[in-house]
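Please look at the sequence and the structure below before reading on.

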Amino acid sequence: MDQSQTRELQQLDAAHHLHPFNDNAALAKRGTRILTRGEGCYVWDAEGNKLLDAFAGLWCVNIGYGRKELGAVAARQMEQLAYYNSFFMCTTEPTIRLAGKLAELTPGDLNHAFFSNSGSEANDTILRMVRHFWAVQDRPQKNIFIGRNNGYHGSTMAGASLGGMKGMHKQGGLPIPDIHHIDPPFWFADGGDMGEEEYGRVCAKRLEDKILELGPDRVAAFIGEPIMGAIGVYIPPKNYWQEIEKICRKYDVLLVADEVICGFGRTGEWFASQYFGFQPDIMTLAKGITSGYIPLGAVMFNDRVAKVLAERGGELAHGYTYSGHPVCTAVALENIRILEEERIVDRCRDDIGHYLAQRWKELGEHALVGEARIAGMVGALELVPAKPERRFFDERGKVGVICRDIALRNGLILRATNDSMLLSPPLVLSREQVDELFEKAWKSLNETAAALGR
Ligand code: PXG
C-alpha cells in the first residue's frame, strides 16, 4: 500500500469508524495503524513493517496466521450451505460435530454446548441460563452472580456487569442488579509476606465470606477467568481454584470458568481448569476456538444443568441468529483438527512453553521489571519504579504505554495494561522466535529505562 492510499484510508477511518476501547479523538489525530497481512507469528502493516505478534491478535490466533486450510473449509461450507439456523428443531452437520467434539475435549461432564458469536454473548447466555436453572427448581431468589474486581467477561450488558472493571461500569449504568464482586488473587499487589498456599486460601476465603454475607440461598454462581487476562495476566496460586471449587460445592453455588483466553492450549493444557485441577459446572469459550479466523463463542455446561433444563426448563427463550453458524463451526472443527494433529498443545506443555518461560524469566532480571510471571504461553512483566519493592508507579499506565510504543518501533507487539506488559503469542512460536522476542523485549526495556532517565 503506498503512502497516499494509507493516508486516504486513515482519513476515511477517522471520519466514519468508531473503534472499540479507543480514545477516538486521539486516534483521529494520530491516524490508525492498518494491518495488511499475517503469516505464522508475524503481521505486516501498511507501511511495510514486519511485526512479531507476541499477543496473537487479541489473545486468539493460537495456530498462527495464514493457515490456508481454514479458508478452504470456510469456502467449501459457504458453497454447500452458507447458512442455516439452529432454531425450529433444525441445525447443520458441522454444528452437531463441533458440539460432540467440544464435549469430548472439555474435562468432566461438560457434555453440552450452546453457541454464540463471541465470549461476551456466551456470558450473557450463562447469566440467563443459570438464573433460569435455579428458577425452574423453585429457587428464583438464588439469582446472584459473584465475579471479581478487575475481572473481564466481555463488553455486553451482562458481560461488563459480571466483569469488575470500574471504568466500564461507569458507562451505561452497570452492573445490572444482583451481581457482586470480590477481590482477585494478585500476589504482587497484596500478597504481603504470605507464601503461595496461604495466599491462595486467603483469596478463596473472600468468596466464602461473600457467600455468607449474601446468604447461600441467594447465590447462583461464581464466575472467574482461571488466569485473569485483560487486567494484566494475574496468575493465581496453584491451590486457589481447588479451594474455590470446595467452597462452591459446600454452598451449592455453580462454578463458571471463563476460558475465553485460557482455552485451547494457552496454558499448555487444553483448558486452564485442567492446568489448575478443578472442575467447572459451566465453561465460556471463544477466541482460540477458531484461532480468531472467524467469530464464534460457546457455553459448555454439565449433565446436571442439562438435565434440569431438559426436564423442567421448557423452551429456552434465548438464542442468536448465528448460534451454530455452519461456516463458523466448520472452521472451528478444522482449527481443532490442526491443534490435535500437529500436537500444538502438547508442544506448548512439553517443549516451547518451557523455553519461553525460561527466557521470559530472564527478562525479569531487568532493572525495570519487578516481576516476570508466566503460565504456559501467557505472561506479564510488571514494570516498577524501584526494584525490589513491590510498588507501582504513582501515575499508573504511563510507562506501560511508553514501553509498548517502543516495542512496536522495534518490531514487537506486546499489549500494555497499566504498567504490565502482556504476552500471549501464537502457540506455534519457534525457538528462534522466542529468542527474537527476548532480544526485542530486552532492547525495548533498555530504551524505556533511558526514556525515563534511568
Ligand atoms: N471473557 C474473557 C476472559 C475475555 O478475555 C471475553 C470474555 C469477551 O469475549 P468477546 O469475544 O466478546 O470479546 C474476553 C475478551 C484486552 C481485551 O484488552 C481482552 C478481550 C477483549 C478485548 C480486549 O486485553 N477479551
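The side chains of Glu342 and Arg67 form a salt bridge, with 2.7 Å from N to O. A salt bridge here is a side-chain nitrogen of Lys or Arg within 4 Å of a carboxyl oxygen of Asp or Glu. Glu342 lies in the loop between α14 (326-341) and α15, and Arg67 in the loop between α3 and α4 (68-81), so the pair ties together parts that are 275 residues apart in sequence. The structure holds 31 salt bridges.

The model is predicted: local features need pLDDT of at least 70, side-chain atom pairs count only at pLDDT 80 or more, and totals for chains, interfaces and linings use all residues. Residues are numbered from 1 along each chain as its sequence is written, and side-chain values use heavy atoms, with hydrogens and water left out.

**Two domains**

The domain assignment, which is automatic or from a database, gives domain 1 (33-63 + 343-451) and domain 2 (69-341). Their centres, taken over C-alpha atoms, are separated by 26 Å. Contact means heavy atoms within 4.5 Å, and by this rule 35 residues of domain 1 touch 35 residues of domain 2.

Buried area is the accessible area (1.4 Å probe) that two parts lose on being put together, summed over both. Between the domains it is about 2800 Å², and carbon and sulfur atoms give 62% of this. On the side of domain 1, Trp59, Ile63 and Arg390 lose the most area to domain 2, together 27% of what that side buries.

Helices (H or I, at least four residues) and strands (E, at least two) are DSSP runs, numbered from the N terminus. The table lists some elements that each supply at least two residues of the side of domain 1 that touches domain 2.

| Element | Residues |
|---|---|
| α3 | residues 56-59 |
| α15 | residues 344-363 |
| β11 | residues 369-375 |
| β12 | residues 378-383 |

β11 gives the most to this side, with 5 residues.

**A sheet**

An open sheet of 4 strands has the order β1-β2-β3-β13, with mixed pairing. Two strands pair if DSSP finds at least two bridges between them. β1 (35-39) and β13 (412-413) are at the edges with a single partner strand each, so one side of each has no neighbour in the sheet. β1 pairs with β2 (residues 42-45) in the antiparallel sense over 4 bridges.
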